[in-house]
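Please view the sequence and structure first.

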Amino acid sequence: MRAVTVFTARAVPLDRADVDTDQIIPSDWLKRIERTGFGAGLFSEWKKDPSFVLNDPRYAGAEILLAGANFGCGSSREHAPWALEDAGFRAIVASSFADIFRNNSLKIGLLPVVIDAAIVSALMRAVELDPALEITVDLQAQRLVVTRVKVDVAFAIDAFTKWRLTEGLDDIGLSLRHEVDITRHESGRASWSPKVA
Amino acid sequence: MTATLSRKVWDRHVVHRAAGEPDLLYVDLHLIHEVTTPQAFDGLRLAGRKVRRRDLTLATMDHNTPTLDIDKPNPDQIATRQLEALVRNCKEFGIRLYPLGHANQGIVHVIGPQLGLSQPGMTIVCGDSHTSTHGALGALAFGIGTSEVEHVLATQTLPQVRPQTMAITVDGDLPDGVTAKDVILAIIARIGVSGGAGSIIEYRGSTIRGLSMEGRLTVCNMSIEAGARAGMIAPDETTYAYLEGRPHAPKGADWQRALDDWRSLATDPGATFDREVTLNASDLRPYVTWGTNPAQSSTIDGLVPDPASFSDAPRRESALRALRYQDLKPGTLIRDIAVDTVFIGSCTNGRLDDLRAAAAVLRGRTVKAGMRALVVPGSAEVRERAEAEGLDRVFIAAGFEWRYAGCSMCLGMNPDVLAPGERCASTSNRNFEGRQGTGGRTHLVSPGVAAATAVLGHFAEPKDLTS
């Protein structure tokens with residue numbers, strides 16, 4: 001995973017609430033066994049509508065998705081963040097995210113940025129007026145800044161995840177530092193705990 | 001010090017805890033399937049890692065398997081490649097696999113409880129959001145992504161931030177014809193698709209206590225449709241009676257020791273929840289979803305709503321989009337909506353009790369001419385036991401197709417899909433756009449409503465059928 005620190009990019013506004021992962025990447029794409037190449041399937045059904053905002057050439061190359069509340073609800077498919085990542089997105093900005101989608105995104109360094117719904121709406125309107133508007137996401141400072149429209153807001157992230165993302169660390173390696181604790185826990189498990197084999 | 005059920009189970013599994021960090025949780029059972037694992041195994045190979053606890057990991061095939069001609073070569077080569085990857089990975093890493101054709105094969109959330117592997121007080125994860133199902137037995141069970149699958153394979157742990165707690169209490173007797181499916185659809189209608197976000201729901205109250213284990217599995221299954229991290233029900237005599245004698249349930253002296261332990265799991269009197277919601281069961285009716293998320297529903301006696309009636313702008317927009325997609329007009333009676341496909345199955349309603357409920361409605365009746373109707377049992381064992389009771393013959397005589405076990409038309413990864421514009425009464429869990437096939441229209445219902453709808457050709461409850 002590449003380290004996430006600070007970046008400045010243009011954004012595309014997807015003004016819909018409760019966007020589910022079946023829309024982000026339809027299930028047909030889930031038969032693939034590769035880890036890359038899902039960008040072509042991103043919102044593939046909605047993209048059949050020429051007026052869909054992700055078809056608008058003014059937003060080509062945007063690396064931030066401005067989205068409605070509860071983004072990424074539904075299925076646990078990590079293919080959804082993979083598709084967004086593969087299509088060039090580095091952060092999703094919304095007033096809330098579905099829990100599993102948020103976890104999956106944080107695993108791969110796609111940053112879910114939670115800010116107040118009114119500010120998300122204001123940013124959507126600003127980006128609709130000026131698709132070239134640049135937004136800065138600063139993970140280190142935990143701030144989202146859009147100088148031109150005088151937005152400078154904090155966003156929350158736990159200290160551990162922030163450290164892992166800014167250093168680009170392997171999550172599994174971090175857990176394996178607690179090997180002794182894991183083994184100790186295993187020796188204390190109940191005798192009747194079911195075993196598969 | 002008092003504690004809730006979920007907090008007790010959580011705390012028992014904390015391997016490492018430090019300020020400013022997520023808890024490192026031990027995983028007692030890891031269920032895997034073909035769709036969300038190939039990249040996880042690739043990750044293990046790349047890093048030179050092994051599976052830490054093969055004995056706590058079980059694989060099956062369910063999501064993209066065919067439900068017809070399962071002994072013949074699968075014409076879907078991409079699906080075949082994925083199924084073969086699971087076989088190869090399980091062999092290489094030493095994981096037990098119940099493949100298509102095996103007596104224990106089935107939807108991952110049906111076989112866990114059925115084998116007695118899902119038990120009270122355990123932590124259970126799977127790369128599938130409906131893992132919340134297993135919470136019906138008093139386990140803490142939640143869906144994870146593929147990076148987390150790899151993490152559990154390598155470490156048998158997961159770093160997790162402890163969710164909040166939410167109590168949903170349902171009291172009273174269920175009216176005739178109202179099922180566990182209607183209870184959970186009513187709950188989701190009440191709290192919304194993100195109403196449980198960031199929380200573990202504990203379902204409580206006399207209605208929940210009165211549900212069979214299969215009904216409880218249906219309720220917990222759809223916790224994720226309210227956005228919850230997990231759903232749980234405290235174990236009780238219903239749970240123990242369900243588990244006793246199952247292949248992986250504790251035996252002999254261990255059974256007694258397990259019971260003593262499980263009885264300590266219930267939420268202590270006086271323990272508090274971050275949020276509480278209560279529903280009265282006697283108010284409930286059979287539910288039918290009209291929209292494209294599981295909260296957009298009405299009772300069967302109701303109408304398709306007018307989006308203008310929603311005061312909240314995002315909900316209004318969402319209802320407008322949903323009615324356009326579903327091709328429905330505001331004010332239409334739910335019973336007046338014609339249906340051309342009926343699907344009975346899935347991890348929500350693909351268990352033996354569900355099939356019995358549908359068959360009871362269909363016995364001596366036939367589906368409406370032109371109706372496509374499918375029964376897909378949740379597991380090979382459900383299929384076998386249903387056949388032993390003669391349910392297959394009831395379904396076939398009524399005009400249903402009797403299929404092999406799998407996820408099937410719940411998510412449309414195998415050939416069982418809706419054509420664009422087809423309208424389906426489905427016992428599954430998601431009515432998202434295109435969920436059952438591109439352009440398909442899904443309405444979520446209980447098995448009884450699905451069966452009655454198949455007979456009349458429009459939404460109906462069993463009571464609507466004349467003898």
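A cavity is a set of points, on a 1 Å grid over the protein atoms alone, where a 1.4 Å probe fits but cannot get out; lining residues have an atom within 4 Å of a point. Grid points are joined across faces, edges and corners, and a volume is the space filled by probe spheres set on the points. The structure holds 5 cavities of 30 Å³ or more. This is a predicted model, in which local features need pLDDT of at least 70, side-chain atom pairs count only at pLDDT 80 or more, and totals for chains, interfaces and linings use all residues. Residues are numbered from 1 along each chain as its sequence is written, chains are lettered from A in the order in which they are written, and side-chain values use heavy atoms, without hydrogens and water.

**Largest cavity**
- Its volume is about 200 Å³.
- It is lined by 23 residues, of which His63(B), Asp128(B), His130(B), Leu411(B) and Arg435(B) are the closest to its centre.
- The lining has 7 nonpolar, 11 polar and 5 charged residues (Ala, Val, Leu, Ile, Met, Phe, Trp, Tyr, Cys and Pro count as nonpolar, Asp, Glu, Lys and Arg as charged, the others, Gly among them, as polar).

**Second largest cavity**
- The second largest cavity has about 110 Å³ of space.
- Of its 14 lining residues, Cys73(A), Gly74(A), Ala98(A), Ile224(B) and Gly227(B) are the closest to the centre.
- This lining divides into 9 nonpolar, 3 polar and 2 charged residues.

**Helix contact**
- In α3(A), Asn103(A), Asn104(A), Lys107(A) and Ile108(A) meet Ser147(B), Glu148(B) and His151(B) of α5(B) (contact means heavy atoms within 4.5 Å; helices are DSSP runs of H or I, at least four residues, numbered from the N terminus).
- The residues of this contact are 1 nonpolar, 4 polar and 2 charged.

Note on methods:
On a 1 Å grid over the protein atoms alone, a cavity is a set of points where a 1.4 Å probe fits but cannot get out, and a pocket is an open set with protein on both sides within 12 Å along at least five of seven lines; lining residues have an atom within 4 Å of a point. Helices (H or I, at least four residues) and strands (E, at least two) are DSSP runs, numbered from the N terminus.
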